[in-house]
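Subject: The structure and what turned up in it

Hi,

Here is the structure I promised to send over.

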Amino acid sequence: MESQKEETIQIYRGWTEFSKKEVSEKLDFFSNKERLFDIIFAQQFDRAFLNFMCHLANQIRLLSKTKSGANKLSQLLSHKRAMLYFVQPSTRTFISFLNACHILGMKISEIRGTTTSSEVKGESPEDTIRTFSSYVDLIIVRHPVAGFAEKTAWVLNQTERPVSIINGGSGPDQHPTQALLDIYTLERSFERIGGLDGKKIAMVGDLKRGRTVRSLSYLMKNYKDVTLYFVSPKVFKMKDDIKGFLKKHHIEFLETEDFDSVKPLVDAIYMTRIQKEYSETPSKEADIYPEFHFTKKDLARIQSHCIIMHPLPRRYEIEVDVDNDPRAVYWRQERNGMWIRAALIAYLFCVDSVIAREFC
Ligand code: CP
């Protein structure tokens with residue numbers, strides 16, 4: 001089926017004014033009675049919420065280990081339905097949300113491309129999302145356009161049937177639930193050495209267009225004495241908006257192109273891929289940026305407790321020879337995504353207290 005070239009553009013009065021506000025001024029609009037209602041920005045999460053999510057994810061993980069625990073979890077939301085609208089490619093976010101919904105017993109619908117929905121006929125994405133809200137109780141969105149999840153949540157919150165929207169990645173902008181699973185991974189990994197407070201974290205690669213490092217950077221305001229090392233080629237330096245945010249919140253950060261000098265200093269190395277999908281002139285990153293790759297040789301240069309993370313998918317940034325080192329946590333990190341996303345959904349539907357009762 002051919003895709004319609006001309007999308008219907010609809011004018012929503014008030015949206016332009018709202019969209020121009022600072023994120024801090026928008027947060028109340030995505031909450032309901034002191035609880036988060038839509039998950040759009042990483043800036044929505046404070047320390048208490050992050051601690052609570054990690055605790056709840058641990059509880060869900062423990063309950064899931066036994067048949068009786070898993071059965072209890074699967075009854076919690078068996079009366080609820082979720083829509084996974086993923087019109088930008090995804091493996092982990094899609095599958096982990098799908099399985100998070102399954103853990104809690106939710107029924108799932110999915111659309112994974114605009115060529116099989118009525119967007120082919122020119123229906124606007126906003127009307128498409130509003131249509132989902134007629135059928136389901138939760139919409140999880142992965143979209144190539146920055147701000148798309150925010151706009152659709154804004155639209156839905158003014159209808160008679162608002163349902164929660166979770167941003168599963170919006171263009172090069174934000175990936176708040178990836179940031180949640182990254183925090184969960186960091187906190188679990190540093191459980192015996194004081195947690196994330198006081199740690200040094202290197203973020204490496206395409207920091208300009210990598211939404212995961214952007215969202216994770218926002219969350220650092222919740223932790224004490226964290227230092228960030230932004231390691232990237234000049235063309236992929238972290239953008240000024242994030243650096244401005246870090247300065248405002250007195251979070252120390254350094255920028256460098258010298259990855260080698262940073263390796264022995266840090267407690268975590270967060271590798272990222274060159275986001276070629278946003279390039280106008282795609283290049284062969286395998287050949288061009290080897291100094292920003294992590295190889296087996298580097299294992300000898302990092303601290304014994306230093307963890308190696310990656311949001312995945314990877315290209316050439318980490319050699320497969322690194323995978324079996326106990327400090328390589330990226331496979332555990334992606335699995336953590338399922339637990340923390342289940343925790344987030346349980347929270348949104350207010351069944352976290354039912355889960356907590358299992359541990360009384
Ligand atoms: N980390 C992440 O968002 O992976 P996917 O693109 O595969 O969902």
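In the class counts below, Ala, Val, Leu, Ile, Met, Phe, Trp, Tyr, Cys and Pro count as nonpolar, Asp, Glu, Lys and Arg as charged, and the others, Gly among them, as polar. Please keep in mind that this is a predicted model.

With that in hand, let me begin with the second largest pocket. By class, its lining has 14 polar, 7 charged and 6 nonpolar residues. The pocket holds about 450 Å³ of space. Of the 27 residues that line the second largest pocket, R142, R211, R273, L312 and P313 lie nearest its centre. Helices α5, α8 (176-189), α9 and α13 each supply at least two residues of this lining, and the largest share, 5 residues, comes from α13.

Two of those helices, α5 and α13, also meet each other. How do they cross? The axes of α5 (residues 92-103) and α13 (residues 330-348) come within 8 Å and cross at roughly 50°. The crossing of α5 past α13 is right-handed. On the α5 side, the contact is made by R92, T93, S96, F97, N99, A100, C101 and I103. On the α13 side, E334, G337, M338, W339, R341, A342 and I345 take part. Sorted by class, this contact has 8 nonpolar, 4 polar and 3 charged residues.

Now to the largest pocket, with a volume of about 530 Å³. Its lining has 23 residues, and E22, V23, S24, Q43 and Y218 are the ones nearest its centre. The elements that give two or more residues to this lining are α1 (15-19), α2 (23-26), α9 (211-219) and α10 (240-248). Which of them gives the most? That is α10, with 4 residues. The lining of the largest pocket divides into 10 charged, 7 polar and 6 nonpolar residues.

Last, the cavities: a search of the whole structure finds 2 of 30 Å³ or more. The second largest cavity contains about 40 Å³ of space. Its lining is made up of I40, F41, G147, A149, E150, N167, S170, D173 and Q174. Both α7 (148-156) and β6 (164-170) supply at least two residues of that lining. By class, the lining of this cavity has 4 polar, 3 nonpolar and 2 charged residues.

Happy to go through any of this with you.

Best wishes

Key:
Residues numbered from 1 in each chain as written. Predicted model: local features only at pLDDT ≥ 70, side-chain atom pairs only at ≥ 80, totals over all residues. Heavy atoms only, no water. 1 Å grid on protein atoms, 1.4 Å probe; cavity = no way out; pocket = protein on both sides within 12 Å on 5 of 7 lines; lining within 4 Å. Points joined across faces, edges and corners; volume = space filled by probe spheres on them. Axes fitted to C-alpha atoms, helices over the stretch in contact; angles between N-to-C directions. Left-handed = near helix turned anticlockwise from the far one by under 90°. Contact = heavy atoms within 4.5 Å.
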